[in-house]
Amino acid sequence: MDENQPVAQVRRIELIDALRGLSIILVLAYHCGYDLYLFGLVPERVMYHPLLNVLQPIFAGVFILLAGVSSRFSRDNLRRGLLMLGCSAAVTGATYLMGYPVWFGILHLLAASTLVFWLLEKLKITAIAVPALAFLALFFDIGHFPPPMGSADYFPLTPWIFLFFAGTYMGILIKEGKFPGWFYDTHIPALPFVGRHTLIIYMLHQPVLYGVVWVIARLAGG
């Protein structure tokens with residue numbers, strides 16, 4: 001990126017879109033494996049392999065961090081947060097009907113975090129938001145609430161919201177052009193396109209994957 005070019009003139013940063021695209025692909029792969037496990041097509045030792053147990057929160061963490069970064073580039077975080085909130089409610093409804101409800105999954109977390117960020121921005125107190133929330137989390141030990149009963153996926157606000165807010169502060173540095181030039185100039189094929197449509201992909205992938213795996217299970221079962 002030209003050092004004299006105002007950051008505001010930078011339309012999109014492809015590397016951020018590409019990382020978001022890679023993250024959603026990894027989420028899809030994990031959910032595909034989970035569906036295969038539900039139908040008995042993948043053994044438990046594979047789905048709950050120690051390596052996968054380590055990698056899964058890392059993939060999710062990158063996705064959450066990037067969502068925080070993106071909030072700094074969004075023109076309307078209220079609309080964005082409400083849209084994700086509506087989509088997360090649809091996810092809960094659909095998964096409930098499928099027999100393994102998601103009461104507060106990663107999309108619920110991102111919706112809530114985005115709306116909290118929007119509110120704090122309106123109140124102009126984001127500078128103290130992270131330390132204040134961290135203190136409350138430690139004082140009330142709210143990071144250790146058990147997941148809702150029967151929830152197939154669970155991403156509580158604490159500690160994950162702190163990673164989201166770390167992304168919002170990273171977004172400030174990115175917008176100010178403080179990252180190395182290659183960060184702004186890197187071009188990666190295909191992945192940025194996927195990264196620009198993560199919400200649509202997230203909403204559509206599970207019904208499609210579930211349907212495909214259901215068909216495979218029926219065929220495998222004769």
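Analyst: Helix H10 covers residues 198-220, which makes 23 residues; helices here are DSSP runs of H or I with at least four residues, numbered from the N terminus. From its first C-alpha to its last, H10 reaches 31 Å, close to the 33 Å expected at 1.5 Å a residue, where the expected span is 1.5 Å times one less than the number of residues. This is a predicted model, in which local features need pLDDT of at least 70, side-chain atom pairs count only at pLDDT 80 or more, and totals for chains, interfaces and linings use all residues. Residues are numbered from 1 along each chain as its sequence is written, and side-chain values use heavy atoms, leaving out hydrogens and water.

Now follow H10 to His205, where there is a kink of about 35 degrees, shortly before the proline Pro207. That bend is the angle between axes fitted to the seven residues ending there and the seven starting there.

His205 is also one of the buried residues of H10, along with Thr198, Tyr202, Gln206, Leu209, Val213 and Ala217. Buried means under 20% relative accessible area, exposed over 50%, and partly exposed in between (1.4 Å probe, protein chains only). The buried residues of H10 pack against helices H1 (14-38), H3 (50-71), H4 (77-98), H5 (106-123) and H9 (191-195), with contact meaning heavy atoms within 4.5 Å.

Val62 is partly exposed, with a relative accessible area of 33%. Together with Leu51, Val54, Leu55 and Ile58, Val62 makes a nonpolar surface patch of about 390 Å². Such patches consist of residues with over 30% relative accessible area and no salt bridge, with like charges joined within 9 Å and nonpolar side chains (Val, Leu, Ile, Met, Phe, Trp, Tyr) within 5 Å. A salt bridge is a side-chain nitrogen of Lys or Arg within 4 Å of a carboxyl oxygen of Asp or Glu, and accessible areas come from the Shrake-Rupley method with a 1.4 Å probe, where for residues only the protein chains shown count as cover.

Methods:
Helix = DSSP H or I, 4+ residues; strand = E, 2+ residues; numbered from the N terminus.
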